[in-house]
2 protein chains.
Amino acid sequence: MNCILLFESDLLPGTRTARLSSRRFEHVRGVQRVTVGDTLTVGLVNDRLGTGTVTVIGDTHIDLDIMLDRAPPEPLPLTLIVALPRPKSLRKVIHAATTLGIKRIYIIESWRVEKSYWQSPFLGEKRLREFMLLGLEQCVDTVLPSVQTRRRFKPFVEDEIPGIVQGASAFVAHPRSSEPCPRSTTGPVVLAIGPEAGFIPYEIEAFETRGFRSVTLGDRVLRVEEALPALVGRLF
Amino acid sequence: MNCILLFESDLLPGTRTARLSSRRFEHVRGVQRVTVGDTLTVGLVNDRLGTGTVTVIGDTHIDLDIMLDRAPPEPLPLTLIVALPRPKSLRKVIHAATTLGIKRIYIIESWRVEKSYWQSPFLGEKRLREFMLLGLEQCVDTVLPSVQTRRRFKPFVEDEIPGIVQGASAFVAHPRSSEPCPRSTTGPVVLAIGPEAGFIPYEIEAFETRGFRSVTLGDRVLRVEEALPALVGRLF
């Protein structure tokens with residue numbers, strides 16, 4: 001937890017005091033072992049970053065005098081489209097995307113997505129939000145990404161992709177592509193990552209028809225949560 | 001499991017037959033649901049890749065007629081030096097390093113490494129090997145990385161680093177560096193990654209004195225297992 005995320009509901013009305021209990025309280029007291037007077041990095045969700053000075057350490061809560069004086073880091077100008085990975089991988093992908101600064105994520109259907117994955121509790125709004133909050137605490141940011149799911153490939157590609165790619169460079173990561181992923185693009189990027197076995201030819205064609213270039217990082221097959229940072233490292 | 005890894009002990013003497021049991025057998029039968037005549041990607045550890053044609057499916061084993069006809073992918077010319085991360089992270093870092101094609105890994109002590117991490121069973125030779133084998137199965141490679149641990153920072157840096165960096169570009173990832181990580185280097189690279197809170201100034205200086213450049217991926221604090229692919233994506 002490199003940053004304590006605060007919610008409006010943590011703020012005591014009419015004061016500069018934030019009161020933390022449960023997980024954040026336990027962490028600050030037990031792991032960070034703070035004492036009165038210590039200052040911590042804090043951020044108000046979807047708002048500014050700053051510092052919190054510990055004023056009270058109680059048995060069930062801790063009070064911080066907060067000053068929010070700086071903007072969160074710039075978002076990464078990348079829209080991520082990712083075929084639904086297996087649940088364990090989904091959690092890591094959402095965390096990695098959040099820490100990398102990605103703010104728009106579409107989780108989509110693809111032929112090779114195991115249908116049962118759509119039943120995963122990890123896709124619930126609350127769990128997704130939890131993974132994103134952990135990512136924001138990790139990378140010291142406050143702005144929650146928007147995550148949307150699309151359970152039908154064709155209408156998503158036909159009706160939404162044209163709007164999403166407008167004004168952006170669009171790439172689809174495809175292990176069997178012959179074009180290496182380009183380096184240091186400028187401007188906004190849309191990046192589509194398939195299931196581990198890759199999108200099927202029909203899907204690749206559907207992306208290519210709409211302006212995507214198929215690119216590869218090489219022969220090695222990476223897990224989605226490993227491929228995503230590698231692609232971002234390459235592209236930006 | 002994108003590749004079935006075989007060991008010398010799987011080969012029936014004097015034949016081209018490999019016999020799989022336990023985990024690999026369960027996976028091939030239960031997950032991949034193969035039938036007789038199917039061909040699978042196989043690789044002999046530290047040897048060649050090829051195909052295995054299913055000849056027998058028994059109750060406790062499966063036989064493959066194997067042909068090893070191609071070299072494993074080129075290694076990534078990168079030596080990784082990483083401060084011991086927390087155990088869960090260590091597993092992911094070893095997996096990611098393996099899938100990225102890294103073949104030489106030093107896990108080292110650093111001031112900010114939690115001392116208890118050195119007691120983790122994940123540091124045992126057998127567990128490390130298991131994480132690497134999973135990585136090789138993932139990325140379709142056969143060559144096991146060499147992993148070495150160094151529990152004392154100073155002798156490692158003073159006695160070993162000069163030999164390790166010879167003829168290579170050397171970088172130490174440091175969140176507070178002002179120099180962005182360079183793109184697409186040529187030739188071999190040595191990359192040092194600190195604990196999440198970073199190496200301490202004395203350690204950074206020890207690296208810099210020996211030819212390392214401190215570089216950063218930006219303001220965001222990434223987990224080690226997320227930073228590693230991002231740095232590799234950037235550097236190669």
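Predicted model: local features only at pLDDT ≥ 70, side-chain atom pairs only at ≥ 80, totals over all residues.
Setting aside residues up to four places away in sequence, Lys103(A) touches Pro75(A), Leu78(A), Leu136(A), Asp141(A), Val143(A), Pro145(A) and Ser146(A). Lys103(A) belongs to strand 7 of chain A, which covers residues 102-108. With a relative accessible area of 16%, Lys103(A) falls under the 20% limit and therefore counts as buried. Two polar partners can be named for its side chain. One is the side chain of Asp141(A), with which Lys103(A) makes a polar contact at 2.6 Å. The other is the backbone oxygen of Val143(A), which lies 2.7 Å from a polar atom of the Lys103(A) side chain.

Asp141(A) leads from this site to the other chain. Asp141(A) forms a salt bridge with Arg220(B), and the closest N and O atoms of that pair are 2.9 Å apart. Pro73(A) sits in the loop that runs between strand 5 (62-70) and strand 6 (76-83) of chain A. At a relative accessible area of 18%, Pro73(A) is also under the 20% limit, so this proline is classed as buried. From C-alpha to C-alpha, Pro73(A) and Gly101(A) are 8.1 Å apart in space, while 28 residues separate them in sequence.

The wider interface can now be described. The contact draws 29 residues from chain B and 29 residues from chain A. Between them the two chains bury about 2300 Å², with 47% of that area on carbon and sulfur atoms. Two salt bridges are counted between chain B and chain A, and the pair Asp141(A) and Arg220(B) described above is a salt bridge of this kind. Polar contacts across the interface come to 20 residue pairs, with both residues at pLDDT 80 or more. On chain B, helix 2 (87-99), helix 3 (125-139) and helix 6 (224-235) each supply at least two residues of the side that touches chain A. Sorted by class, that side of chain B has 11 nonpolar, eight polar and 10 charged residues.

The symmetry of the pair is simple to state. Chain B is superposed on chain A by a rotation of 180° with 0.0 Å of shift along its axis, at an RMSD of 0.0 Å. Because of this rotation and shift, the relation between the chains is that of a two-fold axis. The same surface serves both copies, and 100% of the contact residues of chain B recur in chain A.

Turning to charged pairs in general, a search of the whole structure finds 28 salt bridges over all chains. One of them joins Arg16(A) to Asp65(A), with the closest N and O atoms 2.8 Å apart. This pair links distant parts of the chain, 49 residues apart: Arg16(A) is in the loop between strand 1 (4-6) and strand 2 (17-20) of chain A, and Asp65(A) is in strand 5. Arg16(A) is partly exposed, with a relative accessible area of 46%, and Asp65(A) counts as partly exposed at 25%. In chain B, Arg16(B) forms a salt bridge with Asp65(B), where the closest N and O atoms are 2.8 Å apart. Here too the loop between strand 1 (4-6) and strand 2 (17-20) is linked to strand 5 (residues 62-70), over 49 residues of chain B. Arg16(B) is partly exposed at 46% relative accessibility, as is Asp65(B) with a relative accessible area of 25%.

Other charged residues are buried. Glu225(B) forms a salt bridge with Arg223(B), the closest N and O atoms being 4.0 Å apart, and both residues are buried. In chain A, a network of salt bridges links Lys92(A), Arg223(A) and Glu225(A).

These details are set in a chain with six helices and 11 strands, as counted for chain A. Along the principal axes, the C-alpha atoms of chain A fill a box of roughly 60 × 40 × 35 Å. Of the 236 residues in chain A, 54% are buried. Among contacts in chain A with a separation of 6 or more, 69% come from residues 24 or more positions apart.

Note on methods: Residues numbered from 1 in each chain as written. Chains lettered and ligands numbered in written order. Heavy atoms only, no water. Contact = heavy atoms within 4.5 Å. Buried area = accessible area lost by both parts, 1.4 Å probe. Salt bridge = Lys/Arg side-chain N within 4 Å of Asp/Glu carboxyl O. Polar contact = N/O pair within 3.5 Å; in protein donor to acceptor, adjacent residues only side chain to side chain. Helix = DSSP H or I, 4+ residues; strand = E, 2+ residues; numbered from the N terminus. Nonpolar A, V, L, I, M, F, W, Y, C, P; charged D, E, K, R; others polar. Least-squares fit on C-alpha atoms with pLDDT ≥ 70 in both. Buried < 20%, exposed > 50% of the residue type's maximum accessible area, 1.4 Å probe, protein only.
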